[in-house]
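I opened the notebook to record what I looked up in this structure. The entries go from the whole chain to single residues.

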Amino acid sequence: MTSLFKDSCHFNDSCLTFQIEAQDIKGRIVRLNKPLNEILAHYTCSDDIKRALGKAMALTALLGSMMKFDGIFTMQIKSDGRIKSMISDFAANGNGSGVIRGYINIADDVAKGRPVLGNGQLMITMDQGQHMARYQGVVELQNGDLKDSAEEYFQTSEQLPTHVMISCDKSANGHWSAAAIMIQHLAQNTQSEMASPHDDEKQKDDWNTATILLSTVKPEELLDSALSLQDVLMRLFHESGVRLFSATQVMSGCRCSEDKLRDVLASFNTQELRDIAEDGVISMTCEFCKTDHKFDLKKLIN
Ligand SMILES: [Zn+2]
């Protein structure tokens with residue numbers, strides 16, 4: 001298959017928030033390179049499975065960067081397709097930037113001809129520490145389609161009309177890129193009782209126009225790192241004009257640590273620890289970064 005996009009090998013792992021000029025339409029766009037390539041390097045699975053994780057990570061970065069405080073945004077998908085489960089999370093640092101990671105659990109008992117994501121659920125959890133109550137929302141996977149599932153999530157959880165476009169692909173030299181863009185119609189939330197029928201009609205027209213323009217974005221535009229996110233937005237919405245807000249960063253990394261795992265092991269009794277040890281060593285592999293953490297059994301039980 002010919003690759004969809006040119007690969008300039010620039011890493012531009014960032015998220016940009018925007019507003020369509022003089023309209024109640026806000027949006028954000030994100031593109032992932034480095035974190036995605038680091039994660040996918042752990043897998044030898046087929047490209048269509050990698051593509052699904054890339055799309056899930058782009059969506060996670062898009063939604064996770066909306067968190068106002070520091071905290072963890074987690075998207076968990078369970079399906080009866082070739083991907084059994086998939087988790088990606090975004091640790092936000094309070095100003096929109098954050099660290100992303102992800103992993104896939106591939107079903108070994110599902111035939112190759114089956115869809116990558118079949119029926120299942122998409123669960124979103126937002127944990128913002130002491131600032132806010134933990135939030136959890138679940139939607140059915142819409143025919144295994146992450147775009148449709150995300151739009152359904154916004155419709156049911158926030159009653160906010162939302163459109164999303166997501167792409168992920170590999171360049172001719174094997175470099176992966178994933179990107180997502182969304183627009184939201186805020187008018188329904190902010191509409192004042194003084195709004196005239198004329199205003200109402202204009203808002204509907206604005207939303208319809210923005211929806212149509214968004215649907216014209218090509219995967220190669222979203223993914224090509226030679227084309228800046230600003231340029232993608234200008235191509236789409238130049239007629240109305242776009243107001244850009246400051247960009248935030250999406251970084252790669254993992255939050256696993258020996259201390260955290262030691263806390264987990266502390267809940268095991270001595271016999272259980274002996275059972276999971278091999279030659280006096282307990283090995284625990286992080287599912288995200290695949291780091292092998294090793295613990296000396298003697299030190300744990302003393
Ligand atoms: Zn890790």
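The entries below follow the order in which I looked things up.

**Basis.** I worked from a predicted model, in which local features need pLDDT of at least 70 and side-chain atom pairs count only at pLDDT 80 or more, while totals for chains, interfaces and linings use all residues. I number residues from 1 along each chain as its sequence is written.

**Whole chain.** I counted 10 helices and 13 strands in the protein chain; helices (H or I, at least four residues) and strands (E, at least two) are DSSP runs numbered from the N terminus. Along the principal axes, I found that the C-alpha atoms fill a box of roughly 75 × 45 × 35 Å.

**Domains.** I took the bounds from an automatic or database domain assignment, which gives domain 1 (14-252) and domain 2 (258-301). I noted 36 Å between the centres of domain 1 and domain 2, taken over C-alpha atoms.

**Burial.** I recorded 33% of the 302 residues as buried. A residue is buried if 20 or more other C-beta atoms lie within 10 Å of its own, exposed if 12 or fewer, and partly exposed in between, with C-beta atoms placed from the backbone.

**Core.** I then looked up the largest nonpolar core, which has 61 residues; Val-30, Ala-58, Leu-59, Ala-61 and Ala-180 touch the most other members. Helix 2 (residues 47-64) supplies the largest share of this core, 9 residues. Such a core is a set of buried Ala, Val, Leu, Ile, Met, Phe, Trp, Tyr and Cys residues joined through C-beta atoms within 7 Å. I found helix 2 largely enclosed by the rest of the structure, because 14 of its 18 residues are buried. Leaving out residues up to four places away in sequence, I listed Met-75, Leu-146, Ala-150, Ile-166 and Ala-180 as touching Leu-59; a contact means C-beta atoms, placed from the backbone, within 7 Å.

**Gly-129.** I located Gly-129 in the loop between strand 6 (120-127) and strand 7 (135-140). Is Gly-129 buried or exposed? I recorded Gly-129 as exposed, because 10 other C-beta atoms lie within 10 Å. Setting aside neighbours within four places in sequence, I found Gly-129 in contact with Asp-70 and Gly-71. Gly-129 and Phe-69 lie 60 residues apart in sequence, yet 8.6 Å apart in space, C-alpha to C-alpha.

How values were computed:
Two residues are in contact if their C-beta atoms, placed from the backbone, lie within 7 Å.
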